[in-house]
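Good morning, and thank you for joining this meeting.

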Amino acid sequence: MNKILISFSFVIFMACGSSQSSSNNQTTSTSSTSSTTTMDHVENKVKDKADLKLIKDFAKEYATSITEAELKKVLYTLASDDYAGRFTGEEGQKKAAKFITEFYTNLGIGAANSDGNYLQNIPAEYFKGHAKNSSENVVAFIKGSEKPDEYVVLSAHYDHLGTKNDKIYYGADDDASGTTAVMEIAKAFQKAVAAGNGPKRSLVFLHVTGEEIGLYGSKYYTENPIFPLENTVANLNIDMVGRLDKQHAENPEFVYLIGADKLSTELHELSEATNKKYTNLSLDYTYNDENDPNRFYYRSDHYNFAKNNIPIIFYFNGVHDDYHQHTDTADKIRYDLLQKRAQLVFYTAWEIANREKRLVVDKE
Ligand SMILES: [Zn+2]
């Protein structure tokens, strides 16, 4: 999660606030609308209830391969001393890029670049003095079985604040948690592919760099997209999903959702229905309010997609005492919550990728 965009965002908000202020009423979908929206791909494909059940169980089977133990293993690596806080362009970030790349290689999940290189190189000058060296986005890809030219992007930033005054800023929650979630979601989808149940639309697993210094990695990707933005159906962005904030001490099974209803009513309804059906987390829309002073909608990588009229959902656990401190460590992660939230994103991506019709953008 980025700290430095607040004033910048405020300007944007002032510029577009008047046109959006009336359209952000939160819609509570009725269960009948929701189930129609999410299940249309299934209902168009199957003939009876037995088949319906079978198809639904597939998603569940793969989602349950996302486990606390697996998440913990990956997250502890990314947030270890070896990676030195993963500052953009520094050795620790490049080590993390290598680790993520090897993870995909070992699973047989290919690179997004047609030459087989997982890395999207970003020259040092692009960071406008905020980082000294060039850096890399890591981009993996699963090709859709029926609509390969439509793309769902799952993103998380893997850079963090580095090492300052001999203190490593581990960034376990920010954003090793999202990075790990994207990797395990990819692994679950690859299991589906291996069993012949791969997604209809293509999936792009986008690990961006340069987030903490100003959302540069996602900006670079959207300015130099590997796959056309006009065919990019949605972006699900995960930034800090392994902890909880003080407001949810009594109700930890929650996640903040931001942006789901901003461009596509269907996306919001699909997201609600998917959660109701599979994960039952409490979805908190506090920060989805245009008038919320935190302006989180503008403060992570999804915003570069939203700017391009691509529907997004931002998954977030709120801030806590360890936010942007060297004390954001792997032992403080709630792996049970991380698992549930990663599964929610998996199911949501599953529905978006497999539904019959592409999500409709009906708002500006
Ligand atoms: Zn951050």
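Let me begin with a term: two residues are in contact if their C-beta atoms, placed from the backbone, lie within 7 Å. Please also keep in mind that this is a predicted model.

With that term in hand, consider helix H9, residues 265-279, and helix H11, residues 335-354. On the H9 side, Leu 270, Ser 271, Thr 274, Asn 275, Tyr 278 and Thr 279 meet residues of H11 that include Lys 340, Leu 344, Tyr 347 and Ile 352. The axes of these two helices come within 9 Å and cross at roughly 125°. That angle makes H9 oblique to H11. The crossing of H9 past H11 is right-handed. As a general point, an α-helix has 3.6 residues a turn, so residues three or four places apart point the same way.

Directly after H9 comes Asn 280, with a positive phi near 50°.

Helix H5, residues 91-107, and helix H6, residues 172-194, have axes that come within 11 Å and cross at roughly 10°. Angles under 35 degrees count as roughly parallel, and H5 and H6 are therefore roughly parallel to each other. In this pair, Ile 100, Phe 103, Tyr 104 and Leu 107 of H5 meet Met 183, Ala 186, Lys 187 and Gln 190 of H6.

I turn now to the strands. Which strands are joined to E4 by bridges? Eight bridges join E4 to strand E7, residues 201-208, and the two run parallel. Five bridges join E4 to strand E8, residues 232-238, again in parallel. To give one partner from each: Lys 147 is bridged to Arg 201 in E7, while Val 153 stands opposite Asn 235 in E8. Strand E4 itself, residues 147-157, is mostly covered, with eight of its eleven residues buried.

Some details of the backbone deserve attention. Most residues other than glycine have a negative phi, and most peptide bonds are trans. Where does a cis peptide bond occur here? Such a bond joins Asp 174 and Asp 175, with omega at about -5°, and Asp 175 lies in helix H6.

Two loop residues are also of interest. Ala 84 is not a glycine, yet has a positive phi of about 50°; it is found in the loop between helix H4 and H5. With 19 C-beta neighbours inside 10 Å, Ala 84 counts as partly exposed, because a buried residue needs 20 or more. Asn 165, likewise not a glycine, has a positive phi of about 50° and is found in the loop between strand E5 and strand E6. Asn 165 is exposed, with 5 other C-beta atoms within 10 Å.

Finally, the chain as a whole. There are eleven helices and eleven strands, and buried residues make up 50% of the 364 residues. Among contacts between residues at least 6 apart in sequence, 84% join residues at least 24 apart.

Methods
Residues are numbered from 1 along each chain as its sequence is written. This is a predicted model: local features need pLDDT of at least 70, side-chain atom pairs count only at pLDDT 80 or more; totals for chains, interfaces and linings use all residues. A residue is buried if 20 or more other C-beta atoms lie within 10 Å of its own, exposed if 12 or fewer, and partly exposed in between; C-beta atoms are placed from the backbone. Helices (H or I, at least four residues) and strands (E, at least two) are DSSP runs, numbered from the N terminus. Two strands pair if DSSP finds at least two bridges between them. Axes are lines fitted to C-alpha atoms, for helices over the stretch in contact, and angles run from 0 to 180 degrees between N-to-C directions. Angles under 35 degrees count as roughly parallel, over 145 as roughly antiparallel, 65 to 115 as roughly perpendicular and the rest as oblique. A crossing is left-handed if the near helix is turned anticlockwise from the far one by less than a right angle, and right-handed if clockwise.
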